[in-house]
Amino acid sequence: MATGYLWHELFGWHDTGTNTGLFPANPAAGLQPLQHFENAETKTRMNSLVGASGLLEHLVQLSPRPATDDELLRVHARQHVERIREESELPKGGDAGDGFSPFGHGGFEIARLAAGGAIVAAEAVMSGEVANAYALIRPPGHHATPDTGMGFCVFSNLAIAARHLQATDQASRIAVVDWDVHHGNGTQATFWEDPDVLTISVHQDNVFPPNSGAMDEQGAGAGSGTAINVPLPAGSGVGAYLEVFKRVVVPALDAFEPEIILVASGFDASAADPLARQMMTAGGYRQLTDSLLDAANRLCGGRIMMTHEGGYSPVYVPFCGLAVLEALSGHRTGIEDPFDPIFSGFAGQDLQPHQAEVIEAAAELAARLATG
Ligand code: 3YP
Ligand code: ZN
């Protein structure tokens with residue numbers, strides 16, 4: 001069965017403006033206008049490579065629809081949705097909540113198309129229309145909490161898709177694996193007390209949001225133990241990530257027995273990323289995908305749906321994305337990662353003792369999930 005692939009030209013039109021990376025340009029403060037880190041290039045170029053490589057012809061193209069108000073409101077407070085709607089009507093748009101997350105005039109409609117794209121992709125997997133799916137959507141979602149956007153995220157796309165599957169009885173037990181290099185705090189907050197949604201975030205220790213994603217954040221109430229955080233030290237590479245999946249992610253999935261695995265797929269743990277200090281490679285992401293496919297085949301009929309999150313190297317994100325899509329679809333295009341000989345040769349790509357220590361502690365959390 002085929003892999004679903006969802007993209008829309010409007011995702012490239014989400015306008016984060018002429019910022020100086022993170023900040024509004026401000027000549028008096030020395031901030032020369034350039035581009036926001038979260039600009040369209042990484043995603044449009046990934047989509048270009050999917051087309052140019054010929055992979056697109058082996059995928060089933062899915063079309064997004066806008067998420068309805070009711071669908072957004074399953075996760076978000078009405079006041080957040082209304083504020084985005086109102087600021088979106090301003091001539092120059094607004095900000096999702098923290099001053100780092102601008103959107104242009106009409107940005108509300110693009111953000112709701114991204115959330116709706118996650119819903120469409122999740123439904124296509126649950127219905128069996130496709131075996132698995134990748135939603136290349138923008139703006140991203142995993143930092144958006146019920147009450148606010150932040151960290152470039154407007155609405156919590158993946159969480160909205162998960163709540164939709166639950167509300168429409170398409171799935172009840174759902175596992176989230178977030179390999180974006182930043183903490184998936186918004187997704188975690190949404191399901192903090194929900195025993196039916198397991199959230200696992202693998203991120204660089206304390207990068208963004210500040211002081212978020214420590215290992216002692218484990219969920220509460222009925223959801224106690226169903227949030228797992230793996231805060232990897234800066235400098236972690238492919239060896240560390242493979243160990244996390246082997247010792248933490250896959251055992252937790254085995255224990256939890258989800259009906260579908262949702263992946264928050266950021267490529268900002270790559271060796272080329274400007275917003276973090278990890279050393280992942282396209283080949284590494286391919287192996288992580290293979291290990292999830294293995295688990296999904298064993299646990300839930302192979303059902304995996306990925307939503308695109310961060311990733312800020314316009315030259316490298318496309319190769320990471322292509323590798324993941326090749327793995328999901330089982331089709332090799334013949335395009336090889338030209339950076340692999342360089343990035344794979346970095347010292348410290350294999351598992352280091354100080355990384356193993358963190359992973360060992362996180363493995364306890366997965367084991368506890370198994371024994372209840
Ligand atoms: C938000 C402000 C500084 C770091 C940035 C992180 C955005 C991201 O890729 N989150 O997954
Ligand atoms: Zn990120």
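1. A residue counts as buried under 20% relative accessible area, as exposed over 50%, and as partly exposed in between. G128 has 35% relative accessibility, so G128 is partly exposed. The model here is a predicted one.

2. Where does G128 sit? G128 is in the loop between helix 4 (107–127) and strand 5. Its C-alpha atom is 9.6 Å from that of G301, and the two residues are 173 residues apart along the chain.

3. Now the aromatic rings. The structure contains 12 aromatic pairs. One of them is F152 with Y312: the ring centres are 5.8 Å apart and the planes meet at 85°, so this pair is edge-to-face. The pair ties together distant parts of the chain, 160 residues apart. F152 belongs to the loop between strand 5 (132–135) and helix 5 (157–167). Y312 belongs to the loop between strand 10 (304–308) and helix 9 (317–329). Are F152 and Y312 buried or exposed? Both are buried.

4. Y316 and F343 also make an edge-to-face pair, with 4.9 Å from centre to centre and 85° between the planes. Distant parts of the chain are linked here as well, 27 residues apart. Y316 lies in the loop between strand 10 and helix 9, and F343 lies in helix 10 (residues 340–343). Y316 and F343 are both buried.

5. Which residues form one aromatic cluster? They are Y316, F319, F339, F343 and F346. Two of these, Y316 and F343, are the edge-to-face pair of the previous point.

6. R173 lies over the face of F256, 4.0 Å from the ring centre.

Conventions: Residues are numbered from 1 along each chain as its sequence is written. Chains are lettered from A and ligands numbered from 1 in the order in which they are written. This is a predicted model: local features need pLDDT of at least 70, side-chain atom pairs count only at pLDDT 80 or more; totals for chains, interfaces and linings use all residues. Side-chain values use heavy atoms; hydrogens and water are left out. Rings of Phe, Tyr and Trp (its six-membered ring) pair if their centres lie within 6.5 Å; planes under 30 degrees apart count as stacked, over 60 as edge-to-face and the rest as tilted. Helices (H or I, at least four residues) and strands (E, at least two) are DSSP runs, numbered from the N terminus. Buried means under 20% relative accessible area, exposed over 50%, partly exposed in between (1.4 Å probe, protein chains only). A charge sits over a ring if NZ of Lys or CZ of Arg is within 6 Å of the ring centre and within 35 degrees of the ring normal.
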